[in-house]
Structure formats: structure tokens, C-alpha cells
Amino acid sequence: MLLVDGLQVVLIYTYYYYIWCILFSLVKFMKCPFCQFNDSEVLESRVSEDGNSIRRRRECPKCKKRFTTQEKVKDSVLWVIKKDGRRELFDKEKIKRGIVRALEKRPVGLNVVDEIVGDIESEMLREEKEEIPTTVIGKAVLRRLKKIDRVAWLRFASVYFEFEDLGDFEKILESKK
Ligand SMILES: [Zn+2]
């Protein structure tokens, strides 16, 4: 009985040891630029005035030299691939204009439009792709308009998918459900 308990303890310790090793291997340390030692201590962290970066004063525990690192939010450049294959930069204003046009004389406020546009922008950025087909954006707009205003949704769809007759339109409605 005692032997079994002992074995269990050893197994549990081995288990924790491996878990710890795995976790440790996932942690990456900031290397010292002077001696390449694989760790550094943060002495001080300071957020920049515009709030877009953090400066950290670090010290190498091995050679004791100090250095500064700067963390920045990666600039996100998003390209939109148009139907004819041309690329253009993701443009919030352009999307906004399209939605505003579709919502003309509809009882929906501009704040809702801004919300939709902001929402779509974050959805596209979440994809973490550098290029997004214009159709993906169009469908994202349509999904939201459908919930807010049916007339605007139809207007946007008709401009967006350039359908010419009712048959085309019905096909699109079927496929975009
Ligand atoms: Zn060092």
C-alpha cells in the first residue's frame, strides 16, 4: 500500500515537472543586447504620452548593463481587393458613405452608422489578414443593415451586387441568407 502511495507521489511530481517544463518553454525572455543572456529584469515601465507605446528600462542580471525596450501596437494596414482585382487601402469613410446613402431618409441616426463602421473595422482587423476581398466587407455591411433597416439593406444590396433584374435579386437573396 505504501509502495503504491509512493509511486503515485512520484507520478504526480513527474506530471507537474513536465507541465512546468512546457510552461517554461513557452515563456520568452527579452535577451540582453550586450551579452545575449536570455533574461532581463524590468526596472521601470512607462506609457508614452500618446498612449501608443510602453518604454521599459531593463537590466541584465548577468552583465548588469541596462537597456531600454519599446513596445508598440503594430500598425495595421489592411488592403481591400476589389472585384476587378485592384487593391486599395481599407477606407472607413468610403464604407460609411455607402451606408449613409443606403439609409437616406430612413429613421436611423448617424451614430448607428458609426457603430456599424467601427464594428466592421474591428471585425476585419480581427481576421489578421493583410488583404480582404471587397465582397467580405459588403456582406458584413449587409448582415448588419438587415437587422437595422430592411429598406436600407435592399438599397445597399442592389448597389453592391449590381443586380439588373428581379431574378438576379432573388438569386442573391437566396445565396446571402
Ligand atoms: Zn548582459
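Predicted model: local features only at pLDDT ≥ 70, side-chain atom pairs only at ≥ 80, totals over all residues.
In the model, local features need pLDDT of at least 70 and side-chain atom pairs count only at pLDDT 80 or more, while totals for chains, interfaces and linings use all residues. Residues are numbered from 1 along each chain as its sequence is written.

Strand 4 and strand 6 pair in the parallel sense over 3 bridges, pairing being assigned where DSSP finds at least two bridges between two strands. Helices (H or I, at least four residues) and strands (E, at least two) are DSSP runs, numbered from the N terminus. The open sheet contains 3 strands in the order 5-4-6, with mixed pairing. Strand 5 (87-89) and strand 6 are the edge strands, each with a single partner, so one side of each has no neighbour in the sheet.

Helix 4 (residues 134-148) has 15 residues and reaches 21 Å from its first C-alpha to its last, close to the 21 Å expected at 1.5 Å a residue, the expected span being 1.5 Å times one less than the number of residues. Its buried residues (20 or more other C-beta atoms within 10 Å of their own, with C-beta atoms placed from the backbone) are Ile-137, Val-141, Arg-144 and Leu-145. These cover an arc of only 100 degrees around the axis, which puts them on the same side of helix 4; the arc is that of the directions from the helix axis to the C-beta atoms.

Turning to helix 5, the buried residues are Ala-152, Phe-156 and Ala-157. They fall within an arc of 135 degrees seen down the axis, so they line one face of helix 5.

Conventions
Buried ≥ 20, exposed ≤ 12 C-beta atoms within 10 Å, placed from the backbone.
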